[in-house]
Amino acid sequence: MSLIADQRSVIGIELEHMTKTFGRLTVLDDVSLHVEPGSVTALIGPSGAGKSTFLRCINLLEKPDSGIIRVAGHTIEAGKNVRAADLATLRSEVGMVFQSFNLFPHLTVLENVAFPQRNVLGRSKAQARDRAMTLLERVGLAEKAHTYPSKCSGGQQQRIAIARALALDPKIMLFDEPTSALDPEVGLEVLAVMRELADEGMTMLVVTHEMEFAREVSDQLVVMADCHIIEQGDPKEIMKDPQHPRTRQFLRAVLER
Amino acid sequence: MLDAFLAVLKGLPYSLLLTASAFVIGAIVAVPLALGLRSGIGPVRWLLRLIVDLVRGVPIIVWLFILKFGIQFGHWHFTALNAAIVGLSLVSAAYLAEIFRGGILAVPAGQVEAAHALGIKRAPAFARIIAPQAFRISLPSIATYLIGLFKDTSIASTIIVAEMVFQAQSFARQNPSLVGIWPYIWAGAIYIVVSIPVAMWSRRVDARLQEAK
C-alpha cells in the first residue's frame, strides 16, 4: 500500500511574480517558481529570507499582495477574493506539514488523521478510520492510534502530521522546516518518510536546513535570500559550485558546522 | 442552634437556584459575546467591549437595585427573585465572556493554521478544534467564577430574596436572645460545604484533561 492515493501526481506548482509585504516590511519581492509534477524542490536560505512566507502563500495561509498561483488545477490571482469553498478545496489538495507539528492535542492520534477526512472530504467514519490506520501503519505508528499526541515523541508527532496531511489525498505537499524542532536522530525518521513519499512521485516543496536531504532527494534546489530567489538549479551542482556570493556564504556557514 | 441551622438551610434552595440560573444563562449569553469581542468588524467589537466593561464596572448590588427599583413599565416591574436572576446573569455573561475570550486567545495560533491548511472551514475549525481546547484552558477559571457566583448570590438578600444570608438575618432579628452570630456561622459553613465539591470536581476534570494535552 502506497502513501499516496493516485501514484505519479501530474500536477506541479507554478508561481508567478509573488509579492508579499507585512506593513512596510517586504518579505517577498517578485518571486517566481516552477515545480515540475512529481518532483521535489528544496528551498534553502538564511532565516528571514522569506522561505516560510513563500510556502504559506501557496495555500493562502498568507495572502500575497500580488502574483499568480497555479496549483492543483486552481489558478489564484492575488488580491482577488477567493470563495471559502474554493479555498477549502485548494487547501485539501495541498498538504502542509509544519515545523511545530500542530497536531490537535484533544484528539487521539487516530482522530487527528480521521477527522479532517470526514470534515473535508465527507468520508464515512469507517472509510476515514481505514485510511487513517493504513497511513499510520505506513509511517510506523499504528500502535499509537489510540493514544494522545502528547504521549508521542516529536518525531512520532511529525510522522502523524504527515499521515494527517496525506489522508486527504493531496496532490502536492508543502513542508515548512519539518525537522527543525527535532533532534538530528529523530529527524531521520521523518526524513525517511519524506524520502519514501518522494520516491512514490509526490510533488513536494520543502523548506529545510537538511543539506543531505536537499542534495540526495531533491530534483531542484532553490536558494532564497533577502526576499528573492538568488539561485536555482541542480542541487549537487549548486552545492559544489555556487554562483551567487550570498549562496557561497550561506552554504559555507551551513556545511562547516 | 439547630433552629438557626434549619432556618438558614431554608435559604439554600434559593441560593442554588440563583447560582444555577445565573450561571447557565450567563454561559449561554457569554459564547456569542466572546466571539463578538474577537469580531473583525470594529464597531461590533467596540460596542461589545463597552457593554462588557460597563456591566463589570458596576457592583452587583447596584445592578440589583437598578433592576428591582429602577425599572417599571406601567404596573409591571421585576419581582425580587427575577431581578436577582437577571442581574446575576448579566454580570455572569460579562465575566464568562472574558474568561472564554481568554481561553480562545490561549489556544496556539498553529492550531487554527493547521485546521485551515487541511481545508477545514472556519465554523467547524472553531467548533471542533479551537472551542474544546479553549474550554479546557478556561475550566479552572470557570470553576473559580462559579464558586464566586454562589457566594455573590448573598447580595440578593439586599433586595429581599429569601436566600441563606437573608434567612440568617431574619432569624437573628427574630431571636435576639440567642447569640446572634450563629445563623451567620451556619451560613458560612453551608457555603463552604457546597463550594468544596465544585473545587474538587474542577481539579479532577482538569487533571483528566491535562492527560490529553
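**Before you start**

The model is predicted: local features need pLDDT of at least 70, side-chain atom pairs count only at pLDDT 80 or more, and totals for chains, interfaces and linings use all residues. Residues are numbered from 1 along each chain as its sequence is written, while chains are lettered from A and ligands numbered from 1 in the order in which they are written.

**Stop 1: the four-stranded sheet**

Stay in chain A and find the open sheet with the order E2-E1-E4-E5. Its pairing is antiparallel. Strands here are DSSP runs (E, at least two residues), helices are runs of H or I (at least four residues), and both are numbered from the N terminus. Two strands pair if DSSP finds at least two bridges between them.

Select 25-35 and 74-77 of chain A: these are the edge strands E2 and E5, each pairing on one side only. From one strand to the next, the twist averages 15 degrees.

Now select residues 13-22 of chain A, strand E1. Seven bridges join E1 to E2(A), and the two run antiparallel. For one bridge, pick A:Lys20; its partner in E2(A) is A:Leu28.

Next, select residues 51-58 of chain A. This is helix H1, lying across E1, E2 and strand E4 (66-71) of chain A. H1 runs at about 120 degrees to E1(A). Axes are lines fitted to C-alpha atoms, for helices over the stretch in contact, and angles run from 0 to 180 degrees between N-to-C directions.

**Stop 2: the six-stranded sheet**

Move to the open sheet of chain A with the order E6-E7-E8-E3-E9-E10, where the pairing is mixed. Its edge strands are E6 (94-97) and E10 (228-233) of chain A, each pairing on one side only. The twist averages 15 degrees from one strand to the next.

Select 172-176 and 203-207 of chain A. These are E7 and E8, which run parallel and are joined by five bridges. A:Ile172 has A:Thr203 in E8(A) as its bridge partner.

**Stop 3: where chain A meets chain B**

Show both chains. Here, 21 residues of chain A are in contact with 18 residues of chain B; contact means C-beta atoms, placed from the backbone, within 7 Å. On the side of chain A that touches chain B, helices H2 (84-93) and H3 (109-121) of chain A each supply at least two residues. The largest share, five residues, comes from H2(A).

Note on methods
Contact = placed C-beta atoms within 7 Å.
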